Amino acid sequence: MSSVDNVMDKLVSLAKRRGFVFQSSEIYGGLGSVWDYGPLGVELKKNIKERWWRAMVHAREDIEGLDAAILMHPKVWEATGHVAGFTDPLVDCKHCKNRFRADDPRLKGTPGQPDAQCPVCGTRGSLTAPRQFNLMFKTFMGPVEEQAAVIFLRPETAQGIYVNYLNVLQSSRQKIPFGIAQIGKAFRNEITPGNFTFRTREFEQMEMQFFVKPGTEGEWFEFWRAERMKWLVALGIRADKLRFHQHTPKELAHYAKEAYDIEYEFPFGWHEFEGIHNRTDFDLTRHQQFSGKKLEYLDTATNERYVPYVIETSAGADRTALVVLCDAYAEEDVEGEKRVVLRFQPSLAPLKAAVFPLVNKDGMPELARRLYDRLRRHFNVFYDDGGSIGRRYRRQDEAGTPFGITVDGQSTQDQTVTVRDRDTLQQVRVASDRLTDYLTEKLAS
Ligand code: ATP
């Protein structure tokens, strides 16, 4: 087994054991590349989304929030070019029935020709010539399964923003430049998904479209590129594991004039988890043509009319959560014993603290429970009275809980408790009535 598999295997197993991520419908054998977030995972992802929303909506006067529906008018996807062109070239093995993307580096020879070899079963000449496969999930609206009622599960959240551009502009009284942000589910019938939650068929996006005056898009593009990287570093992600990748003209999507991916060095290599795109006026112009509704902006100061240009920041919530998990994972020796720890930045940690009575007698559980009840009003806190204190600490290290609070013999005498720091392993005594303030301060830093 390679070391890459090893790290990912350990992470997948930890994620399942500790309740971060489970395979969808596991008791039925699982559903390919669809994942469920368990009690700790849902908190982690929620914390990431909240940080994003705070930075992109609440902290900015010039960005409004939106929550558009997943189901949209089918014409939307004609206008955007998704019906015609949101495709990947697909190759089938006629022998073992496996499917591959035509650009899968494991494929040898030319698919469709006798020299081509299936990377799974090894048969020669069994691979079909590539054919285009649309990645959008189709479904039917209404009781009759007829062509007219075919609709799609949205493959990106951005279009919900474009079709509401005028509604938001008029109701919020924003002026250009301004943005609209949204977090929501998107669906893509990926051909070769994999690498845990990296490429899945159902995922969440955190997207923001910033509408600007044509001619100013270059500056705004640079602004948002820098801003997004700053945000990621502020989440505690190691800067040397992050980099930009500029799209070459060949890589650029049909709607984009300029694009950068933000990549992270996962255990399986450098890969994109966020993109900053100059989408020009492509989407609004197309929606104008297909809907027959004018989507121009009137600049009342200059009396100019124009279709705005758009700078998009598009991040996957699940991929960002995977980045945070990979980046936090560490194994280390502590006094001759191996410890696995998730070093989440405290603001992202699913649990902020755990409360332990040292032993289950002498008034310790009662005091610990009281503390736990008090802290719970402010933070997501865990109570654990099972097993040795060392084991309880290690369980919380694996969950990434930044603080362990132990009620011991001294606590019942003088109302102080020990607070153990997950990263430094140092313990300090804190008066129990100061604990809420103490944690509030620590969690903010
Ligand atoms: P990729 O090249 O990996 O397929 P993409 O370039 O198609 O990604 P975009 O369409 O730019 O991705 O989507 C923006 C973000 O949405 C990506 O950076 C990623 O974080 C997330 N995303 C896209 N597809 C998936 C997927 N199948 N599973 C999980 N996240 C995804």
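## A tour from the ligand outward

Select the ligand to begin: 14 residues surround the ligand, and the closest are E190, R199, T200, E272 and F273. The model on screen is predicted.

**The ligand and its contacts**

Show side chains around the ligand and pick E190. One of the polar side-chain atoms of E190 is 2.7 Å from a nitrogen atom of the ligand. Next pick Q205, where an N or O atom of the side chain lies 3.2 Å from an oxygen atom of the ligand. Then go to G316 and display the backbone. Here a backbone N or O atom is 3.0 Å from an oxygen atom of the ligand. The protein buries 84% of the 590 Å² that the ligand exposes when taken alone.

The ligand sits in the largest pocket. Which elements give two or more residues to the shell around the ligand? They are strand 10 (202-212), strand 13 (269-280) and strand 16 (309-316). Select strand 13, which gives the most to this shell, with four residues. Colour the shell by residue class: six of its residues are charged, five are polar and three are nonpolar.

**The whole protein**

Zoom out and switch to a cartoon view. The protein has 23 strands and 13 helices. Along the principal axes, the C-alpha atoms fill a box of roughly 75 × 70 × 50 Å. Of the 445 residues in the protein, 49% are buried.

**Helix 9 and D327**

Select residues 317-328, which form helix 9, and find D327 within that helix. Is D327 buried or exposed? D327 counts as buried because its relative accessibility is 11%, and the cut-off for buried is under 20%. Now show the side chain of D327 together with Y264 and R238. The side chains of D327 and Y264 make a polar contact at 2.6 Å. A polar atom of the D327 side chain also lies 3.0 Å from the backbone nitrogen of R238.

**Helix 6 and S172**

Move to helix 6, residues 165-172, and select S172. S172 has a relative accessible area of 24%, so this residue is partly exposed. How far is the backbone oxygen of V168 from a polar atom of the S172 side chain? The distance is 2.6 Å. Along the sequence, S172 and I63 are 109 residues apart, while their C-alpha atoms are 9.8 Å apart in space.

Select helix 11, residues 389-399. Which residues of helix 11 are buried? They are R392, Y393, Q396, D397, E398 and A399.

**The loop with L358**

For the last stop, select strand 19 (353-357) and helix 10 (364-376), then look at the loop between them, where L358 lies. L358 counts as partly exposed because its relative accessibility is 36%. Finally, select G409 along with L358. These two residues are 51 positions apart in sequence, and 7.9 Å separates them in space, C-alpha to C-alpha.

Note on methods:
Residues are numbered from 1 along each chain as its sequence is written. This is a predicted model: local features need pLDDT of at least 70, side-chain atom pairs count only at pLDDT 80 or more; totals for chains, interfaces and linings use all residues. Side-chain values use heavy atoms; hydrogens and water are left out. A residue is near a molecule or strand if one of its heavy atoms lies within 4 Å of it. A polar contact is a pair of N or O atoms within 3.5 Å; within protein, one must be able to donate a hydrogen and the other to accept it, and residues adjacent in sequence count only if both atoms are side-chain atoms. Accessible areas come from the Shrake-Rupley method with a 1.4 Å probe; for residues, only the protein chains shown count as cover. On a 1 Å grid over the protein atoms alone, a cavity is a set of points where a 1.4 Å probe fits but cannot get out, and a pocket is an open set with protein on both sides within 12 Å along at least five of seven lines; lining residues have an atom within 4 Å of a point. A molecule sits in a cavity or pocket if more than half of its atoms lie within 2 Å of its grid points. Ala, Val, Leu, Ile, Met, Phe, Trp, Tyr, Cys and Pro count as nonpolar, Asp, Glu, Lys and Arg as charged, and the others, Gly among them, as polar. Buried means under 20% relative accessible area, exposed over 50%, partly exposed in between (1.4 Å probe, protein chains only).
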